[in-house]
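Welcome! Here is a short briefing for anyone meeting this structure for the first time. Please take a look at the sequence and the model, then read on.

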Amino acid sequence: MPDKLLTDYDKSAVASAESVFKQISVLQERQYSDEPPPDKVLYHYTSAEGLKGIIENNELWATSAYYLNDSAEMFYGYNVLREVLDQWFTKNTRAEDSITVGLAGQLRSSFEDLFQKRLLKPIYVTCFCEEDNLLSQWRAYGQSGGYSIGVRVLPKVGIFGERLTPEPNIYTCRWIKVEYERTKQLEICRNILDPIFTSLDQPGTTEAMREVSEHPFVGYQRLLKATMDILLEEIVRFKSEAFNVEKEWRAVVRQREFYKQGTDDGGKTPVPVYFRISRGMLVPYVKLVPWKREKKLPIPCIRSGPMLDTTMATVAICMMLEKNKFPRLTVHGSDISVRF
């Protein structure tokens, strides 16, 4: 049977379905408005080896989110979403054949497949902190000589902008602030699901969605995919309240439904994934680079950790920066007196 043409779909049904996607678009725009202001400086803590690689190669590495130090982080976010969906089903009074019930059930099973069956979507993360001299971070990196590297948030200009970009920019990179408070995490999920479910419950919308269920742009599978994409953008920033001292931001790299960059060619160009070794295991990562390769990473300052000889560390950093033609920036040491 030949594929159905777009002109074969009932126009009023398509218009009704489009109203649901307009609500999704509003939610997506709200997500993208919650970013750090331009010129804000966030700090990436790393080892001496990490600092050397960043400066010499003029790039940051975004590690697969499933291989972070705490491998349970992604599963934590899913469990928050599952709790919201379970509560919704407990309170739900809709008929079993309701499209809203069907969507909620498929969201739950689809995320279950993603995380429990390891059908994982590629997500890469570079972690930053709001402070450059935080004791908890030095405890993680300071024993063998750690550093915090300031990275300035640049304004977005045009399609590509000044922002850091994956290489090549098939994926997109966004700054996302980590949310630690459980009640807020639950509220964030509800604030996405409730407007979408309300839109689907409007008179005639269920019938319209069934009429256009195979439509490539406003059909049911597209609805499921778009809703999952918005939810995934949130749960990747959820973290247990036990970690709130970290004051973390993340540069999250992934393929987004609503946020395409100029070289996205529908998957024809393979994404250059690299591998490093950590704790005896291969760890996938992608590179984050300046939007023009001849530019330098926007690094305004570097601080050495409390276990290092400040003078010696500063001299070595300045020599390395000069050799790699970085512009002059502030280099200083930690004033925290601590033994690990």
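**A first look around**

Leu186 has its place in helix α6, where helices are DSSP runs of H or I with at least four residues and strands are DSSP runs of E with at least two, numbered from the N terminus. This is a predicted model, in which local features need pLDDT of at least 70 and side-chain atom pairs count only at pLDDT 80 or more, while totals for chains, interfaces and linings use all residues. Residues are numbered from 1 along each chain as its sequence is written, and side-chain values use heavy atoms, with hydrogens and water left out.

**The whole protein**

- The protein has nine helices and eleven strands.
- Of its 340 residues, 50% are buried; buried means under 20% relative accessible area, exposed over 50% and partly exposed in between, with a 1.4 Å probe and protein chains only.
- Among contacts with a separation of 6 or more, 83% are between residues 24 or more positions apart; a contact means heavy atoms within 4.5 Å.

**Leu186 and its surroundings**

- With a relative accessible area of 10%, Leu186 is buried.
- Not counting residues up to four places away in sequence, Leu186 touches Val80, Glu83 and Val84.
- Leu186 and Gly77 are 109 residues apart in sequence, and their C-alpha atoms are 9.8 Å apart in space.

**Where α3 meets α6**

- The axes of helix α3 (residues 73-91) and helix α6 (residues 182-200) come within 9 Å and cross at roughly 55°; these axes are lines fitted to C-alpha atoms over the stretch in contact, and angles run from 0 to 180 degrees between N-to-C directions.
- That angle makes α3 oblique to α6, because angles under 35 degrees count as roughly parallel, over 145 as roughly antiparallel, 65 to 115 as roughly perpendicular and the rest as oblique.
- On the α3 side, residues making the contact include Tyr76, Val80, Val84 and Trp88, and on the α6 side they include Leu186, Cys189, Leu193 and Phe197.
- By class, the contact of α3 with α6 has ten nonpolar, three polar and three charged residues; Ala, Val, Leu, Ile, Met, Phe, Trp, Tyr, Cys and Pro count as nonpolar, Asp, Glu, Lys and Arg as charged, and the others, Gly among them, as polar.

**Strand β10 and its partners**

- Strand β10 (residues 301-304) is covered on both faces, with Cys301 and Arg303 buried on one side and Ile302 and Ser304 buried on the other.
- Three bridges pair β10 with strand β4 (residues 146-152) in the antiparallel sense; two strands pair if DSSP finds at least two bridges between them.
- In this pairing, Ile149 stands opposite Ile302 in β10.
- Strand β11 (residues 330-333) runs parallel to β10 and is joined to β10 by four bridges.
- Here Arg303 stands opposite His332 in β11.

- Gln31 is found in helix α1 (residues 11-32) and is buried, with a relative accessible area of 9%.
- Beyond residues up to four places away in sequence, Gln31 touches Arg174, Ile192, Ile230, Glu233 and Glu234.
- Asp39 lies in the loop between α1 and β1 (41-47), and Asp39 has a positive phi of about 80° although it is not a glycine.
- Lys325 sits in the loop between α9 (310-323) and β11 and is exposed, with a relative accessible area of 66%.
- Lys325, also a residue other than glycine, has a positive phi near 60°.
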